[in-house]
Protein chains: 2
Amino acid sequence: MRDVAIIGVGMAKWGELWEKSLRQIFVETALNALDDAGVDRLDAMYVGSMSSGLFVGQEHLGSLLADYLGQKALPAARVESACASGGLALRLGFIDVASGMNDVVMVAGVEKMTDLNPNEATYALGTAADQEYEGYHGITFPGLYALIARAHMERYGTTRKQLAMVAVKNHENGALNPLAQFPFKISLEAVLNSPLVADPLRVLDCSPITDGAAAVILAPVELAKKLQKPVVKIIGSGHATDSIALAQRKDITWLESTYQAAKKALAMAGKKIEDVNLFEVHDCFTIAEICVIEALGLVEKGKGGQAVEAGLTRVDGRFPVNPSGGLKAKGHPVGATGVAQAVEIVKQLRGEAGPRQVKGARIGLTQNMGGTGGSSVVHVLAAE
Amino acid sequence: MRDVAIIGVGMAKWGELWEKSLRQIFVETALNALDDAGVDRLDAMYVGSMSSGLFVGQEHLGSLLADYLGQKALPAARVESACASGGLALRLGFIDVASGMNDVVMVAGVEKMTDLNPNEATYALGTAADQEYEGYHGITFPGLYALIARAHMERYGTTRKQLAMVAVKNHENGALNPLAQFPFKISLEAVLNSPLVADPLRVLDCSPITDGAAAVILAPVELAKKLQKPVVKIIGSGHATDSIALAQRKDITWLESTYQAAKKALAMAGKKIEDVNLFEVHDCFTIAEICVIEALGLVEKGKGGQAVEAGLTRVDGRFPVNPSGGLKAKGHPVGATGVAQAVEIVKQLRGEAGPRQVKGARIGLTQNMGGTGGSSVVHVLAAE
C-alpha cells in the first residue's frame, strides 16, 4: 500500500442554507478544496451522505455531483454509514489511493437537512437506528442518547454539570470558527436551563440540524511533496461496527466500535493514544463526547465527565478535543461531519487554524460515529 | 495491486417476498455465499443498496447487516450508485482486496422493494434521476427510457418487434433459472399486446419490482488457489459517470458511461470485447439492452435491434447476453442486481450453470448501470 496525503481541504459556511440546494452546497465546497490543493485534475471521487433520499428526494449523488462539478465521466461513489458516512468516504478514498488504483481523489461529505420539517428530519435521522425494533417502539436519537447518559450518571456519578461543560467548551472553540453554524459562546446556566428534550438531555446538549459540506483531496505522498503546502499524511485508518440496537449491547455506556476502530487506526499508524496532540470527535450529544474520550483511552472508563470538568479536553488542556467547535457548535450536516473533522485536523497540522490553533500539533485523530455507535471510523493524521 | 478472485457466490429465490424482511433476505443469501466459499472468516463487507431509506425506512445497513450476520465489529460499508449500487460494491470490494487492506471480503447487494405501493416505489426509483429537473417535471424511468427508445427507432429504424425480442430472449433464459422471479417463457405476441406504459414501452418491456439479494466473497488469488473450487479472477474493473439528466447528453441513444467503464475494464484486463464469451448486462428496459450492446462494442452504433433479431445475443449466439434471464426475467432488486450479475458469470465460468450453461465460457463481463446511464460499472471475470 502506498502512503497517502491530504493535499487540499475545503469548507464553506454551515447553517440553515435556505437559498442553496444540495448540489450548490457541494460544488462551492468542492471548488474550495480544489483551489486549496492547487490541482485541476481528479481521478475519482467518494461522497458521504447519510440520507439524501429522505432529506431531498435525491439518490445517485455520485453521478449528480461529478456532473455539477464539471467532472463528467469521473468514477464517483456515494457511501453511507449513517452519521459516519463522511468518515467512511475518507477511508474508502484512502484505500483507493493506497491501492494504486487512482492518484488524485476527492473525498466529500454533504447533507441538506433543512428542507424537511423537524418531525420529518427526526424520522430521517432515526433510520440510523434499528427501525424494526428501536424505531417501531417510538424512540429517536435524543431518547437513545438520554438512556446512555442516565446509565452513565447512575454508574459513574457523572453529573448534569459535566455534561453541560462539554457544550460550553465546544462553543468556546466554535466561537473562533467563522464557518461554524453557531460561532458564539454559551454559558453553563444557559445549557442547564435550556428546554428538556429527553431527560437528562436538554436542547443545548444536542447538535443541531445543519446544511453543509466538506471536502478533502487525497494523493500519494510523493505527489504531495511536489506541491506548495505542508504535507499532511493519513497514517492510520480503522473502521468497525457494533450491534445497531442499543438494547443488544453488553454495556450501553461503552462504545465498542470506537474502541475497535481506534485500536486498528493507531496500530496502523504505529502510535499510542498519548502520542496524539488533538482530536476531532463525534459529539452529537454531550454524553457522546464523554463516552468517546473513554473509548479512545484518553481517560479510564467512567472518568470522562470528571476529565471534562478538570479541563483535560480544552484547547489548552492535555488532550484538546473538538477545537473546531465540534458537532455542537460547528453544526452536524450528518454526511459531511466526518470529512469536516479531517479538514480541521489538516488546518491544525498545517498551523493554519488561527485563533483556535493547538500549539505544537503534529498528530491528530478523527473519530466519526454512526447511530449510537453502530459504526465508527477513526483516522490518524500526521504532519510530515 | 494484488490479483483478486471470487471464491464464493450466493443467491436465493427472488420475487415478492412478503414474508421476509430486508435483513432476513440478506442473511439467507450471505450464508449461501459463505457456504459456497467454504470460509468462516470475513475481514470486511461492502453492501450495495440503492434506497433502503425510502424503501424500508432503514439506513446504516453496514452496521445492521454485519450485526444480523453474526459478524459484529466487521468493517461494513454501504455504497450507492442507484441501480448500479451492486456493481459499485463489487468494485470497492475489489479495490479493498487488491490494496492489501483486507483479505476475505463479502460484497453483497440487497433491496426490499415491495413494502411500498407502486406509486411510492416509482417515486423511490425516480430519485436515481435528476429530481430538481427531471423529477420536478413529472417524468419517471419508463418515460425516460421511452424517450430513448423513440429516438433509437427514429434514428436507426429499430422496430417495436426488435425491442420485444429482447424480452422474449431473456425470458427464454430465465425459464432455466429456478431463482428467477419469472422463470417462464413469454411470446412475442404477449409482449406486443401487453399494456402500454410509456409509448413505445409496454409492461413486458420493463423489468419488475423485486425483493432479493446477492452476495460474492472476494479473496487474493493465492488464497483462492488453496480452496476446492475452480478459480475465477476479476481481471478488469471500470467505473464512469455521465450527466445524470438525459436532456444534458449530446446523444440520448448513446450510453457514454458504459462505453467509458467498459474501455477501462477491458484495458485493465488486457482483453478486447471479442475475447469475451458471455455478458450480463443491465436490461432494466428492453431498449436498455440494445443501447448497452452498442456501447460495449458488440455491434456498431444503431445496429443493436437488428443484432437481437438476428440471434447474436442468444445463449447459442456469438455474444450470449443475459443467460441468467437478465433483469427482465430474473428480477431487479435494484441494489442486488450488479452483484447477481457476477454470481451468474462465476457459475458460468465454473461450468455450474446447468441447462443455461454457455459452452466453453472462459471470460465473462458484467455491466451494471444507474439511472439512464448516469453511472456504469463494468467488470471482466476470467476462469483461471
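A rotation of 180° with 0.0 Å of shift along its axis brings chain A onto chain B with an RMSD of 0.0 Å. The two copies are thus related as by a two-fold rotation axis. This is a predicted model, in which local features need pLDDT of at least 70, side-chain atom pairs count only at pLDDT 80 or more, and totals for chains, interfaces and linings use all residues. Residues are numbered from 1 along each chain as its sequence is written, chains are lettered from A in the order in which they are written, and side-chain values use heavy atoms, with hydrogens and water left out.

User: How many residues of chain A are in contact with chain B?

Analyst: Contact means heavy atoms within 4.5 Å. By that criterion, 62 residues of chain A touch 62 residues of chain B.

User: Why do the copies meet through the same surface?

Analyst: 100% of the interface residues of chain A are also interface residues in chain B, so the copies meet through the same surface.

User: What area do chain A and chain B bury between them?

Analyst: Buried area is the accessible area (1.4 Å probe) that two parts lose on being put together, summed over both. Here the value is about 4600 Å², with 52% of it on carbon and sulfur atoms. In chain A, the residues that lose the most area to chain B are A:His60, A:Met101 and A:Thr241, together 15% of what that side buries.

User: What makes a set of grid points a pocket?

Analyst: On a 1 Å grid over the protein atoms alone, a pocket is an open set with protein on both sides within 12 Å along at least five of seven lines, and lining residues have an atom within 4 Å of a point. The largest pocket is lined by 31 residues, with B:Leu125, B:Cys206, B:Ser207, B:Pro208 and B:Ile209 nearest its centre.

User: Which classes make up the lining of the largest pocket?

Analyst: Ala, Val, Leu, Ile, Met, Phe, Trp, Tyr, Cys and Pro count as nonpolar, Asp, Glu, Lys and Arg as charged, and the others, Gly among them, as polar. The lining of the largest pocket accordingly has 20 nonpolar, nine polar and two charged residues. For the second largest pocket, the division is 17 nonpolar, five polar and no charged.

Conventions: Copies are superposed by least squares on the C-alpha atoms of residues with pLDDT of at least 70 in both. On a 1 Å grid over the protein atoms alone, a cavity is a set of points where a 1.4 Å probe fits but cannot get out, and a pocket is an open set with protein on both sides within 12 Å along at least five of seven lines; lining residues have an atom within 4 Å of a point.
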